[in-house]
Amino acid sequence: MRKNRAARLAATALLGLGTLGAFAGTAHAEPIDYVRIELLELHCQKNSEGDHDEAYLKITDANGNAVKVWPGGGLKYQTMGTGYVRSMADGNGSAALILGKQQARTLTLWDYDSTSGDDKLGATLVTGSEVGAETQWRTVEGSGGAYVIGYRVIDI
């Protein structure tokens, strides 16, 4: 019984020192509250070339790198023509869609071109502070095309 009491006193003393360390100026990082961008739908209001575009979506990750997130499943792009609506749910597995509530990421829609550089169809900024809001519908325009991206920011 005496050993248990001694062990409890020692543990209490160590916890107390840890608490005192905090008051003595020991730096403690604030925890980051994370959210996830949930991709929903892509609507083509006007494709940028010919009868269709070959659309794909990239996001800037935490290091500022552009990471392809949609379409998933190993596809390079999805064919999009005026009036087309595509689910973007297959892109939701990417870790690049996770960010802090105080952070922001840029979603950029591209048109794949096999013979030249890809065309930028537009971009939009998504912030972690949008968490809990209703579905967001953002219009992006570029290279003569107009699209609407539907997404939500959800707490994780």
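Visitor: Is Asp 155 buried, partly exposed or exposed?
Guide: The model under discussion is a predicted one. Buried residues have under 20% relative accessible area and exposed residues over 50%. The value for Asp 155 is 47%, so Asp 155 counts as partly exposed.

Visitor: With which residue does Lys 101 form a salt bridge at 3.7 Å?
Guide: Lys 101 lies in the loop between E6 and E7, while its partner is in strand E10, so the pair ties together parts that are 54 residues apart in sequence. The closest N and O atoms are 3.7 Å apart, and a salt bridge requires a distance within 4 Å. The partner is Asp 155.

Visitor: What is the N to O distance in the salt bridge of Lys 101 and Asp 33?
Guide: The side chains of Lys 101 and Asp 33 meet in a salt bridge at 2.8 Å, N to O. This pair links distant parts of the chain, 68 residues apart, with Asp 33 in the loop between helix H1 (2-23) and strand E1 (34-46). Lys 101 is partly exposed at 22% relative accessible area, and Asp 33 is partly exposed at 38%. The distance asked for is 2.8 Å.

Visitor: Which residues are linked in a network of salt bridges?
Guide: Lys 101 forms a salt bridge with Asp 155, and Lys 101 also meets Asp 33 in a salt bridge. The linked residues are Asp 33, Lys 101 and Asp 155.

Visitor: How many salt bridges does the structure hold?
Guide: Among them are the pair of Lys 101 and Asp 33 and the pair of Arg 152 and Glu 38. The number held by the structure is four.

Visitor: Which residue forms a salt bridge with Glu 38?
Guide: The closest N and O atoms of this pair are 2.7 Å apart. The partner is partly exposed at 31% relative accessibility, and its name is Arg 152.

Visitor: Is Glu 38 buried or exposed?
Guide: Glu 38 is found in strand E1. Leaving aside neighbours within four places in sequence, Glu 38 is in contact with Asn 92, Gly 150, Tyr 151, Arg 152 and Ile 154. Its relative accessible area is 17%, and the limit for a buried residue is under 20%, so Glu 38 is buried.

Visitor: How are the rings of Tyr 77 and Tyr 112 arranged?
Guide: A search of the whole structure finds one aromatic pair. The pair links distant parts of the chain, 35 residues apart, with Tyr 77 in the loop between strand E3 (66-70) and strand E4 (78-80) and Tyr 112 in the loop between E7 and strand E8 (119-127). Tyr 77 is partly exposed at 32%, as is Tyr 112 at 23%. The ring centres are 5.4 Å apart and the planes stand at 20°, so the pair is stacked.

Visitor: What accessible area does the nonpolar patch on the surface have?
Guide: The patch is formed by Ile 32, Tyr 34, Ile 98 and Ile 156. Of these, Ile 156 is found in the segment after E10 and is exposed, with a relative accessible area of 56%. Together the four residues have about 370 Å².

Visitor: In what order do the elements of the protein run?
Guide: There are one helix and 10 strands in the protein. Among contacts between residues at least 6 apart in sequence, 62% join residues at least 24 apart. From the N terminus on, the order is α-β-β-β-β-β-β-β-β-β-β.

Visitor: What share of the residues in the protein is buried?
Guide: The protein exposes about 9200 Å², and carbon and sulfur atoms supply 53% of this area. The protein has 156 residues, and the buried share is 34%.

Terms used:
Residues are numbered from 1 along each chain as its sequence is written. This is a predicted model: local features need pLDDT of at least 70, side-chain atom pairs count only at pLDDT 80 or more; totals for chains, interfaces and linings use all residues. Side-chain values use heavy atoms; hydrogens and water are left out. Helices (H or I, at least four residues) and strands (E, at least two) are DSSP runs, numbered from the N terminus. Buried means under 20% relative accessible area, exposed over 50%, partly exposed in between (1.4 Å probe, protein chains only). Rings of Phe, Tyr and Trp (its six-membered ring) pair if their centres lie within 6.5 Å; planes under 30 degrees apart count as stacked, over 60 as edge-to-face and the rest as tilted. Patches are made of residues with over 30% relative accessible area and no salt bridge: like charges are joined within 9 Å, nonpolar side chains (Val, Leu, Ile, Met, Phe, Trp, Tyr) within 5 Å. Accessible areas come from the Shrake-Rupley method with a 1.4 Å probe; for residues, only the protein chains shown count as cover. Contact means heavy atoms within 4.5 Å.
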